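Colleague: Could you take one part of this model and walk me through it closely, from its setting in the chain to what lies around it? I'd like the cut-offs as you go, please.

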Amino acid sequence: MEDCVFCKIRKGELPSTKLYEDKDFMVIKDINPQAKIHLIAIPHEHAPYIDMMTEEGVLLLGKIIHKIALNRDKLGLKNGYRLLINQGEDAGQTVGHIHIHILGGEKLKEF
Ligand SMILES: [Zn+2]
């Protein structure tokens with residue numbers, strides 16, 4: 001999508017601190033961190049909501065979660081982390097492109 005911040009980041013039209021990228025998704029640092037470590041995993045497929053994703057895209061979310069788990073030490077998340085997907089206005093979704101927040105690097109508040 002032309003006006004999507006994450007699609008623009010992928011194309012290099014907006015700056016970001018990219019930690020990882022492959023053919024399916026990328027991981028960047030959140031510019032407004034809510035924890036000591038706050039990363040965002042962003043599938044390349046543009047879809048605002050999970051119900052608008054292709055089946056392949058939904059399966060990719062599982063692969064991303066697994067990849068995060070396998071690389072948690074490298075990401076500085078050895079002691080644990082929280083994954084979060086905000087969907088819609090009530091949840092505070094700010095970018096209309098599915099993404100997984102990865103929070104950690106410190107003891108997170110329970111909720
Ligand atoms: Zn997008």
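Modeller: Happy to! Of the 111 residues in the chain, 18% are buried; buried here means 20 or more other C-beta atoms within 10 Å of the residue's own, exposed means 12 or fewer, and partly exposed is in between, with C-beta atoms placed from the backbone. Please keep in mind that this is a predicted model: local features need pLDDT of at least 70, side-chain atom pairs count only at pLDDT 80 or more, and totals for chains, interfaces and linings use all residues. Residues are numbered from 1 along each chain as its sequence is written.

The chain has two helices and five strands, in the order α-β-β-β-α-β-β from the N terminus. These are DSSP runs numbered from the N terminus (helices H or I, at least four residues; strands E, at least two).

Let's look closely at helix 2. It covers residues 55-70, and its 16 residues should span 22 Å at 1.5 Å a residue, which agrees with the 23 Å between its end C-alpha atoms; the expected span is 1.5 Å times one less than the number of residues. Leu-60, Ile-64 and Ile-68 are its buried residues. Among what covers them are strand 2 (25-29), strand 3 (37-43) and strand 5 (100-104). Turned away from that buried side, the other face carries the exposed Glu-55, Leu-59, Gly-62, Lys-63, His-66, Ala-69 and Leu-70.

Notes: Contact = placed C-beta atoms within 7 Å.
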